[in-house]
Amino acid sequence: MNNYIKKFSPIIILLVSVGVFILLIKLKPEAEFQKPKIVPQMVETIIAFPSEVRAKISSQGTIRPEHEISVTSEVSGKVIWVSENFLDGAGFSLGDTLMKIEKRDYELALISTESSLFQARLSLQREEAEAKLANLEWERVGKGDASSLTLREPQLAQARAVLAAAEAAYEQSKRNLDRTVIIASFKGRVRKKMVDLGTNLVPGARVADIYATASFEVRLPIADKDIPFLGIPLDGTMLKKNQRPRVKLFASYGTENFQAEGFLLRSESEIDLKTRMISVIATIPIEDSRIALKVGMFVNAEIEGLSYSGVTIVPRNAVKNDMIWVVQEQKLRRKSVEVLRLENDFAFISDGLTKNDRVLITRLSSYVDGMPVRVK
C-alpha cells in the first residue's frame, strides 16, 4: 500500500494543484475600469494694472571736467614762488595764490608811469588856465571871432591827449604788476603743471592745465532704439532748466560704490564715427562733499525719458512675437499685444491687455489655447 502511494503521489499532487489553480481563476474578482484623472498644471500669474510709467535709458561714460582752462603767463619774468597746492593732482580754492613772478621791473615801470601821469595832469591844468586867460583877454581887447590858436584850443586838446595816454600807460603798468601774481579764479584741481621755481616765462607761455571741481560732466552715447524715448532735441541746443531730464550715475572703485545725480544739458549734433551713435552731455553738480566722483571714473547712467500713461509692465520673457498668454476662468488664453518698449527685464505693453488680466509668468513645455491650469 505504501509503495502504491509513493508511486502515484506526484501525479496526485499535480492534479490537486491544477484543480486549485482552476478554482482560483474562476473565483477571481473582475477589475473595474477607471478613467485616468487629469490634474491641471500649477502656474503663476501677475495682475495687469495699466499705469503711468517713465522710460529709463541706460548708458555709460567717463567723468570729465565741465570747465577746464590752460593757465598762461601774461607777463615775462622769473618764477620766484610756487604754492604747495600748485602741483599735479593737487586741489586749490577760489582766491588762492598759485604762483608769483618777479615783479621789481613792473614796480619800477609803475613808478615811471605814475610820474608821467602827474606831469600830464599838471600840464593840462596849466593849459586850461592859459586858455581861460586867453579867452578873457580876447573878450577885453579883441574884435570879431578869435582863431582857435589865439584861444589856445589846440594846446588844450594836446594836453588832454597827453593826459589820456599817461593814464593808459599807468593803468597798463598796474595791470602788469597785478599779473605777476597768478590767483585761482575758481575752486579746482591741477591736471598738469609745466613750470617750477626759476623758470623764465614770456607772455603766452603755458603754465598749467587746471579744471573746476564745482561740477563735472559725462558724455553718454544713446542707442538708436532709445532715441525716440529721450524726448530732447538732437541739434545741440542748450536745454532750458525746466526741461532737463534727470540722470542717475552709479560707479564703483575699489570696494566702494558711488552714486550721484545730475541732469542733461544738451545733445551733440553729430554722430560718432566709431560707434555710429549720438551722445548727450550730462552735468553733475558736486555740492555734497560725500560725493567722491573723480575725473576719469567710469560710470553707468540711468536717464529719465518720456512718460507714458495706460502702460502695463510685465516680465520680458512673458512676451513672444507680440503675443502674451493670460489665464481666464482657469484656462490659458492667447492675446496679441502692442509692445511699446523693452527695458532691461521688462516689457512695456501699451495695448492688448485690460485691467486685472492675469498674465502668465510660468514657463510651460507647451502652450495650448484653452488648456486648463491651476493658479498658484
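What follows is a short tour, one selection at a time.

Before clicking, note that this is a predicted model, where local features need pLDDT of at least 70, side-chain atom pairs count only at pLDDT 80 or more, and totals for chains, interfaces and linings use all residues. Residues are numbered from 1 along each chain as its sequence is written, and side-chain values use heavy atoms, with hydrogens and water left out.

**Stop 1: a four-stranded sheet**

Select strands E4, E11, E9 and E6 in that order: they form an open sheet with antiparallel pairing. Helices (H or I, at least four residues) and strands (E, at least two) are DSSP runs, numbered from the N terminus, and two strands pair if DSSP finds at least two bridges between them. Strand E4 (68-72) and strand E6 (91-92) stand at the edges; each has a single partner strand, so one side of each is left without a neighbour in the sheet.

Now go to strand E9 (residues 188-193) and strand E11 (residues 206-212), which pair in the antiparallel sense over five bridges. Show Val-190 here, and you'll find Ile-210 of E11 opposite.

**Stop 2: a nonpolar patch**

Next, pick Ile-80, Trp-81 and Leu-197, which make a nonpolar surface patch of about 310 Å². Patches are made of residues with over 30% relative accessible area and no salt bridge; like charges are joined within 9 Å, nonpolar side chains (Val, Leu, Ile, Met, Phe, Trp, Tyr) within 5 Å. The areas come from the Shrake-Rupley method with a 1.4 Å probe, and for residues only the protein chains shown count as cover.

Trp-81 sits in strand E5 (residues 77-82).

**Stop 3: salt bridges**

Count a salt bridge when a side-chain nitrogen of Lys or Arg is within 4 Å of a carboxyl oxygen of Asp or Glu. By this rule there are 16 salt bridges. Arg-179 lies in the loop between helix H3 (153-178) and strand E8 (181-183) and Glu-74 in the loop between E4 and E5, so the pair ties together parts that are 105 residues apart in sequence.

Then select Lys-193 and Asp-196, bridged at 3.6 Å, N to O. Lys-193 counts as buried at 17% relative accessibility, while Asp-196 is partly exposed at 41%.

Move on to Arg-246 and Glu-261, a salt bridge of 2.6 Å, N to O. Arg-246 is in strand E13 (residues 246-253) and Glu-261 in strand E14 (residues 256-271), so this pair ties together parts that are 15 residues apart in sequence. Arg-246 is partly exposed at 42% relative accessibility, and Glu-261 is partly exposed at 40%. Also select Lys-225, Asp-226, Arg-341 and Glu-343: salt bridges that share partners join them into one network.

**Stop 4: around Arg-219**

Finish on Arg-219, in strand E12 (residues 215-222) and partly exposed at 27% relative accessibility. What does the side chain of Arg-219 make a polar contact with? One partner is the side chain of Asp-272, at 3.3 Å, and a polar contact of 3.5 Å joins Arg-219 to the side chain of Ser-279. Such a contact is a pair of N or O atoms within 3.5 Å; within protein, one must be able to donate a hydrogen and the other to accept it, and residues adjacent in sequence count only if both atoms are side-chain atoms.

Methods:
Buried < 20%, exposed > 50% of the residue type's maximum accessible area, 1.4 Å probe, protein only.
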